[in-house]
Amino acid sequence: MKPPPFDYRRCTSLEEALALLAQHGAEAKLLAGGQSLMPMLNFRLLRPALLVDIGRIGALDGITEDAAGLTIGALTRHRVLEGDARIATHFPMLAEAMAHVAHLAVRNRGTLGGSLSHADPAAELPMMTLLLNATLRLERQGGRREIPAAEFFLGSLTTALDPDEMLTAIHLPFLPSGAGWGFAETAPRAGDFATAAAACVLTRQGGAVTMARIAVMGVHETALRLHAAEEALLGQGPAAFANAARLAREAVEPSSDLRASADLRRHLVEVQVGRVLAAAWERAA
Ligand SMILES: Cc1cc2nc3c(=O)[nH]c(=O)nc-3n(C[C@H](O)[C@H](O)[C@H](O)COP(=O)(O)OP(=O)(O)OC[C@H]3O[C@@H](n4cnc5c(N)ncnc54)[C@H](O)[C@@H]3O)c2cc1C
């Protein structure tokens, strides 16, 4: 299929792009990697009057490190997140997750900001930003706000972005030293969107969990943090993992589709959460 007609502007600066958003509001759509937007246009699910191409705004691309964590520009490609040495050192679970996003051709084009703004409930990056307590920077002409990832994803393909706002960067705070992690994903074939996935980080002291974060995706309207399961782990050892996995299963509200029933997805959540907790426990120093 072919997209409906639209005007096109390629921007070379953030200011230019924000000015166009301020002028055109909901009539405009940002074009980053195009890997989700172009299919939406081709299927006529969107009919923007104007595409604002931000793909060449260099200021939005790249990773910087400070004492508190990593700041990652919205235009940073999936492939960069998969291979960057700082990500591998500080957030290896993110590199692992990126290897599950589509195929190399898509990862070469798709961007962090595009994936988060598209907010597919079965996408890896929303889940990872929830897991890693990311802060998202949203900018509009003459203004900027920073919100936690937990307040950004409002529903399937729905975020807290206003029509004149752009996601320009995220900040990932460093994890406590010695944190272990786990990641598990089930998909029909390698590179397909996930049927279900889970990830966790935890710290331990001796035989007890001192901090736990668990996130899942593909099994709810949005990616989701599982706070009840996390709290049930505090002060406990591996004997508590089965109960946490059961609480995880109870917290999600999956839907059925051609690929999997809601029951299968609940089952996957329980199995995956048990596995990622065991992996994180082993990795935790
Ligand atoms: C065959 C195929 C398989 C895929 N498989 C997976 C998968 O397994 N897992 C997965 O997570 N993803 C998958 N994707 C999606 C891919 O990761 C996309 O790249 C990503 O979802 C969107 O990123 P993009 O840069 O291409 O965004 P675009 O397609 O350019 O934009 C997507 C949406 O976000 C908006 N937008 C873009 N950037 C910004 C910004 N900075 N601020 C505000 N709004 C913005 C756009 O206006 C648009 O509405 C797949 C895509 C394809 C084509």
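Student: What should I know about the model first?
Tutor: It is predicted, so local features need pLDDT of at least 70, side-chain atom pairs count only at pLDDT 80 or more, and totals for chains, interfaces and linings use all residues. Residues are numbered from 1 along each chain as its sequence is written, and side-chain values use heavy atoms, leaving out hydrogens and water.

Student: Why is Glu82 called buried?
Tutor: Its relative accessible area is 19%. Buried means under 20%, exposed over 50%, partly exposed in between, with a 1.4 Å probe and protein chains only. So Glu82 counts as buried.

Student: What makes Glu82 and Arg79 a polar contact?
Tutor: Their side chains come to 3.2 Å. The term needs a pair of N or O atoms within 3.5 Å; within protein, one must be able to donate a hydrogen and the other to accept it, and residues adjacent in sequence count only if both atoms are side-chain atoms. The pair qualifies.

Student: Which residues does Glu82 contact beyond its neighbours within four places in sequence?
Tutor: Ala95, Met98, Ala99 and Arg107. Contact means heavy atoms within 4.5 Å.

Student: How do you know that S2 and S3 pair?
Tutor: 4 bridges join S2 to S3 (residues 50-53), and the two run parallel. Pairing takes at least two bridges found by DSSP, so they pair.

Student: What makes S1 and S2 edge strands?
Tutor: The open sheet has the order S1-S3-S2. S1 (7-10) and S2 (28-31) each pair on one side only.
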